[in-house]
Amino acid sequence: MRPISRKLEKLGFDQFFLDHVAPERLETFEIARVFAVHKDSYAVSDGEHELQAELVGKLMYAAASPLDYPAVGDWVRVNFFDDHTFAIIHEVLPRKSLLKRKTPGKKIEFQLIAANIDVAFIVQSVDHNFNRNRLERYLVMINEGNIQPVVLLSKSDLLASEEIAARIAEIKNVMPDLSVLAFSNKNESGLNNIEALLRSKMTYCLLGSSGVGKTTLLNNLVGEARFETKTVRDKDGKGRHATTARQLIMIDGGAMVIDTPGMRELGNFAVQTGLDETFAEIALLSQQCQFNDCTHVNEKGCAVLAALAEGRLSGQRYDNYIKMSRESVYHEMSYLEKRQKDRQFGKLIKSVMKHKKNRR
Ligand SMILES: Nc1nc2c(ncn2[C@@H]2O[C@H](COP(=O)(O)OP(=O)(O)OP(=O)(O)O)[C@@H](O)[C@H]2O)c(=O)[nH]1
Ligand SMILES: [Mg+2]
Ligand SMILES: [Zn+2]
């Protein structure tokens, strides 16, 4: 088997991906990583050339859902053309991790945020943007995606240090294993702690509401005002979206960071792993529920409800857990219903075809 090239290794390519592609498929294609997703094209890199790429028609026609398209961070099999100035993407390699969200609304549609992320930074500013329910929502998505979360509390210059310490303690109280760091882009405090987390060949992703300072942080990490940021418009702290595209940036030390536009709404879907990891204390309690399929809402012998009644479980945590698990069950149900309908339709087509054949 071919050894992994140094250039690809620098971009994070490793044995995991080789293990998931048949060696003969690698013979006739090259490997590249998706650095940016545009409307009809992609920017990819093989560690030596950065070039524009398009999907091969077959991949487009075969795509059954947005999940089948390349996302920023994806590894793809490509053919290079015109002296490495253009590439055709033939296949998306299996993903190590994937960040996706359900698009807002009732329809079950996904939006890919990024692929092959090692660590996700959830950025919330210490002022009015700080919201524990939203934080838990991000955590469910990240845990579900098999990614390590780190919470970054931005704009620490806006709050007294005791108040910031209280915020951190509030998070740590319910999620003791979670890493939480406060920082300021303005007075640069805490930036060194974030830099210390960055490792070469690893991929990081910045997530959080619009206006919390994700791009300003990225500019600080690259050491220049390279990417556009925007002043927060109104007093409620809701900025207009400054970042509109997702792109992967190589930092000096060799770490890669993906900046994303702020998200308004996070829809969840089939989030059992993410829920259990985020609400570990509830997952633990539920092992003592009388019924295996206890929903912790009104069942007899529910250990979660008992803990809630005795004040051993935070009411806010419980409410948010129930809210998110309802959403996921609801969506999972309608997804199955949809699948069933598809199957019925498939059967119908088959029987029609058979009928036609028999008539011939
Ligand atoms: N006081 C204070 N303001 C900050 C800090 N970091 C960023 N800002 C300001 O917050 C505003 C928004 O910053 P951005 O970096 O564009 O925010 P963003 O998270 O990238 O926003 P979107 O791209 O819209 O998702 C800008 O006006 C920044 O100057 C900080 O640490 N302290
Ligand atoms: Mg931005
Ligand atoms: Zn229960």
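Analyst: Let's start with a pair of residues: Val-78 stands opposite Ile-89 in strand 5. Keep in mind that this is a predicted model. The pair belongs to strand 4 (residues 75-81) and strand 5, which run antiparallel and are joined over 6 bridges. Between these two strands sits a hairpin with 4 residues, and there Asp-82 takes a positive phi near 50°.

Strand 5 (residues 86-92) has another partner too: it pairs with strand 3 (residues 50-55), this time in the parallel sense, over 4 bridges. Here Glu-54 is the residue standing opposite Ile-88 in strand 5.

Now for the way into the core. Val-78 is also one of the residues in contact with Val-44, once neighbours within four places in sequence are left aside. Others on that list include Leu-51, Ala-53, Val-76 and Ala-87, along with Ala-32, Arg-33, Val-34 and Phe-35. Val-44 itself is among the residues with the most contacts inside the largest nonpolar core, together with Ala-120, Phe-121 and Cys-205. That core has 70 residues, and its largest share, 6 residues, comes from helix 5 (residues 132-144).

So what does helix 5 look like? Helix 5 has 13 residues and reaches 18 Å from its first C-alpha to its last, close to the 18 Å expected. Helix 5 is mostly covered, with 10 of its 13 residues buried. The buried ones are Leu-135, Glu-136, Arg-137, Tyr-138, Leu-139, Val-140, Met-141, Ile-142, Asn-143 and Glu-144. Just after the helix, Asn-146 takes a positive phi of about 65°.

Gly-274 has its place in helix 9 (residues 272-278). The C-alpha atoms of Gly-274 and Ile-142 are separated by 7.1 Å, although the two residues are 132 apart along the chain.

Stepping back to the whole protein chain, there are 12 helices and 13 strands. Of its 360 residues, 34% count as buried. Among contacts between residues at least 6 apart in sequence, 64% join residues at least 24 apart.

Methods: Residues are numbered from 1 along each chain as its sequence is written. Chains are lettered from A and ligands numbered from 1 in the order in which they are written. This is a predicted model: local features need pLDDT of at least 70, side-chain atom pairs count only at pLDDT 80 or more; totals for chains, interfaces and linings use all residues. A nonpolar core is a set of buried Ala, Val, Leu, Ile, Met, Phe, Trp, Tyr and Cys residues joined through C-beta atoms within 7 Å. A residue is buried if 20 or more other C-beta atoms lie within 10 Å of its own, exposed if 12 or fewer, and partly exposed in between; C-beta atoms are placed from the backbone. Two residues are in contact if their C-beta atoms, placed from the backbone, lie within 7 Å. The expected span of a helix is 1.5 Å times one less than its number of residues. Two strands pair if DSSP finds at least two bridges between them.
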